[in-house]
Amino acid sequence: FDLLTPSSHPSSNRAPPSAVATPPRRRAARNRAQPRLRGPKRAPAVPSRRKPHATMGKLYFNYSTMNAGKSTALLQAAHNYEERGMEVLLLTASFDDRAGAGRIASRIGLGKDAETFDATTDLCELLQRRATAVACVLVDEAQFLTKDQVWQRARHAEI
């Protein structure tokens, strides 16, 4: 005898389960933008025109709510650069004197002296005045930078 289920009944609009096509299982597709490398890495056919020591700078903007630890993270980053013997330039707004004029401090007691900026400060000129090369520029309270100063920072990152 023949058993008719609701899905296989002649008056049903649905196809029987055996007639439903299921796609075959596939492996996860790999990113097509990155070709799969096989064998040893080959040197480029044309030598690069870039200097081997020249690298593109990076510009990061970290933001968060008040009391989230942004100044603490900035001071930790400064410490890590200085620990490796690299020069760091710390900047803060000139009117931000909560921890003292020209000082970045966190709620947990960390603090460092910093250069100050206002709306008229030329950040490119400020960097050129430095006697030593600066590996990293860290700006606390960056929301007080003017539009021109933000573009100065972006251009400096490209150099």
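Colleague: Which backbone atom lies 2.8 Å from a polar atom of the side chain of Gln149?

Modeller: In this predicted model, the backbone nitrogen of Thr146 does, at 2.8 Å from that side-chain polar atom. Gln149 itself is found in helix α3, which covers residues 147–158.

Colleague: Is Gln149 buried or exposed?

Modeller: Buried means under 20% relative accessible area. Gln149 has 1% relative accessibility, so Gln149 counts as buried.

Colleague: Okay, and what does Gln149 touch?

Modeller: Leaving out residues up to four places away in sequence, Gln149 touches Phe117, Asp118, Ala119, Thr121, Leu123 and Phe144.

Colleague: Which residues of α3 are buried?

Modeller: Start with the general idea: an α-helix has 3.6 residues a turn, so residues three or four places apart point the same way. Here, the buried residues in α3 are Gln149, Gln152, Arg153, Ala154 and Ala157. Their cover includes β4 (115–117), α2 (123–128) and β5 (136–139).

Colleague: How far apart are the end C-alpha atoms of α3?

Modeller: They are 17 Å apart. With 1.5 Å a residue, the twelve residues of α3 should span 16 Å, so the two values agree.

Colleague: Let's zoom out. How many helices and strands does the protein have?

Modeller: Three helices and five strands, and from the N terminus on they run α-β-β-β-β-α-β-α. Of the 159 residues in the protein, 21% are buried.

Colleague: And what share of the accessible surface belongs to carbon and sulfur atoms?

Modeller: That share is 53%, out of an accessible surface of about 13500 Å².

Notes: Residues numbered from 1 in each chain as written. Predicted model: local features only at pLDDT ≥ 70, side-chain atom pairs only at ≥ 80, totals over all residues. Heavy atoms only, no water. Helix = DSSP H or I, 4+ residues; strand = E, 2+ residues; numbered from the N terminus. Buried < 20%, exposed > 50% of the residue type's maximum accessible area, 1.4 Å probe, protein only. Polar contact = N/O pair within 3.5 Å; in protein donor to acceptor, adjacent residues only side chain to side chain. Contact = heavy atoms within 4.5 Å. Areas by Shrake-Rupley, 256 points an atom, 1.4 Å probe, with all protein chains shown as cover. Expected span 1.5 Å × (residues − 1).
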